Amino acid sequence: MSSQSCSGCKGQCASNNAATQTSEEVKIDNVAQENSVEVANEESTETSNNGVSTSRTGRLVAAANTALIRRDFSNTSRYPRPKSNAKQNRRMGFPYKTVLLVGATSGIGLALAERMIENDVFVIAVGRRKDRLDDFVSKHGSDKAAGSQFDITQFDQIESWAKEITTTYPSIDAVILNSGIQRTLDFTQPKDIDLPRTVQELGTNYTSYLYLITHLLPHLQEQAPKPTALVTVSSGLALIPLPRCGNYCATKAALHSLMWSIRAQLQHDEKSQHVKVIEILPPAVQTELHSQQAELVKIGEGNIGIPLRQFTDEAWAGLTRGDEEIPVGMVRDRFDATEEPRRIGFRRIVETFMTKK
Ligand SMILES: NC(=O)c1ccc[n+]([C@@H]2O[C@H](COP(=O)([O-])OP(=O)(O)OC[C@H]3O[C@@H](n4cnc5c(N)ncnc54)[C@H](OP(=O)(O)O)[C@@H]3O)[C@@H](O)[C@H]2O)c1
């Protein structure tokens, strides 16, 4: 592992002053919380109106459900997503100033890294390909970017790496976990399944995230009350699997489920409520995820998906709106259809089993 130096990095690294939260940033976060309550109220009203019942019992049940939903919305995730409008975008923005972006050497991670740099965010890019990290820093300059070469499947090194990176860059206020790989898996030919390769996919897409979150979250928690964020990139395939790559879909479904639990836990812990838990769910996007898969290239599917630029515009809009879940492109419809009933069940579980710490 090697971290690049960051001389002249506008106060991002340890050798400069630690970042402090401005009153504007506090205001932005408050606005975000207010908006979520407004949205919760809108949704509660809708639910009540939809459950048309003229009997007193029916009205009481509807009222009780509305109250439950209203309470749960304020305690758990924000659904539906706040409506997009330019005024809101201007008010909220992206309040984080130093982002640790794991998986930033290509595709979605690199595009998001560059979008953030354009918006005055200092980005520490992480990945295994050192030449790409070096190119990234040379392109943007060490006052805007840094690189750290690290293989996230080295689980036993994650704790020390996390300590080193947060000591070098104490101003890190958002961690984006984006790294991932995808493999084809065919159970019609079990004897041909390469299990170590399949387990490597699980390790990259899920197990490493467990380690990274465990060892990076304390840094985000200890900055209270300054808003900080934990962001993961899962997939639309977390919601409905694609049989060609069943293990990949399972790793993303596991991550999606984990994010709901982490979000609920942090929102119920007064010391952690300033840590926003965000998940981006991309559709198929034209990146190396597909173009580097020989099986896909062979059948002419190495370049499937929406253009990276289109993905980045939409994901960035969600991040600047302050959304906690950002389904992009065609995943939006799937998300609305599959997640609403599940979310109602989840809210009930949260209400029943979680108490404020
Ligand atoms: N493209 C899509 O259609 C699509 C759809 C839904 C979700 N996603 C998700 O989006 C994320 C980004 O994928 P992408 O499409 O942008 O693919 P990509 O261009 O292949 O990027 C993958 C990134 O992950 C990093 N990475 C992989 N293994 C790593 C390891 N062991 N240690 C450190 N970094 C590692 C890679 O860096 P190095 O190789 O330099 O290590 C690279 O920066 C993934 O989680 C993917 O599952 C993609």
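How many helices and how many strands are there in the protein chain? The protein chain holds 12 helices and 8 strands, where helices (H or I, at least four residues) and strands (E, at least two) are DSSP runs numbered from the N terminus. The structure is a predicted model, in which local features need pLDDT of at least 70 and side-chain atom pairs count only at pLDDT 80 or more, while totals for chains, interfaces and linings use all residues. Residues are numbered from 1 along each chain as its sequence is written.

Of the 357 residues in the protein chain, 39% are buried. A residue is termed buried if 20 or more other C-beta atoms lie within 10 Å of its own, exposed if 12 or fewer do, and partly exposed in between, with C-beta atoms placed from the backbone. Among contacts in the protein chain with a separation of 6 or more, 71% involve residues 24 or more positions apart; two residues are in contact if their C-beta atoms, placed from the backbone, lie within 7 Å.

The ligand is surrounded by 28 residues, the closest being Gly103, Gly107, Gly127, Arg128 and Gly180. A residue is near a molecule or strand if its C-beta atom, placed from the backbone, lies within 6 Å of it. Divided by class, this shell has 9 nonpolar, 14 polar and 5 charged residues. In this classification Ala, Val, Leu, Ile, Met, Phe, Trp, Tyr, Cys and Pro count as nonpolar, Asp, Glu, Lys and Arg as charged, and the others, Gly among them, as polar. Helix H4 (107-118) and helix H9 (288-291) each supply at least two residues of the shell, and H4 provides the largest share, 3 residues.

Two residues in loops were examined in their surroundings. Alanine 104 is found in the loop between strand S2 (98-102) and H4, and counts as buried because it has 30 C-beta neighbours inside 10 Å. Leaving aside neighbours within four places in sequence, alanine 104 is in contact with Gly109, Leu110, Ala113, Ala125, Val126 and Gly127. Alanine 104 and arginine 128 are 24 residues apart in sequence, and their C-alpha atoms are 9.6 Å apart in space. Asparagine 178 lies in the loop between strand S5 (174-177) and H7, and counts as buried because it has 22 C-beta neighbours inside 10 Å. Not counting residues up to four places away in sequence, asparagine 178 touches Leu101, Val102, Gly103, Ile108, Gly109 and Val233. Asparagine 178 and isoleucine 108 are 70 residues apart in sequence, yet 7.8 Å apart from C-alpha to C-alpha.

The packing of helices is described next. Axes are lines fitted to C-alpha atoms, for helices over the stretch in contact, and angles run from 0 to 180 degrees between N-to-C directions. Angles under 35 degrees count as roughly parallel, over 145 as roughly antiparallel, 65 to 115 as roughly perpendicular and the rest as oblique. A crossing is left-handed if the near helix is turned anticlockwise from the far one by less than a right angle, and right-handed if clockwise.

H4 and helix H11 (residues 308-321) pack at an angle of about 55 degrees, with their axes 10 Å apart; H4 and H11 are therefore oblique to each other. The crossing of H4 and H11 is right-handed. In this contact, Gly107, Ile108, Ala111, Leu112 and Arg115 of H4 meet Leu308, Phe311, Thr312, Ala315 and Trp316 of H11. The residues of the contact of H4 with H11 comprise 7 nonpolar, 2 polar and 1 charged.

The axes of helix H6 (residues 155-168) and helix H7 (residues 195-221) come within 9 Å and cross at roughly 30 degrees, and H6 and H7 are therefore roughly parallel to each other. Their crossing is right-handed. The axes of H7 and helix H8 (residues 246-267) come within 9 Å and cross at roughly 15 degrees, and H7 and H8 are therefore roughly parallel to each other. The crossing of H7 and H8 is also right-handed.

Two backbone features complete the description. The peptide bond from alanine 224 to proline 225 is cis, with omega near 0 degrees, and proline 225 is found in the loop between H7 and strand S6 (228-233). Aspartate 120, in the loop between H4 and strand S3 (122-127), has a positive phi near 65 degrees although it is a residue other than glycine.
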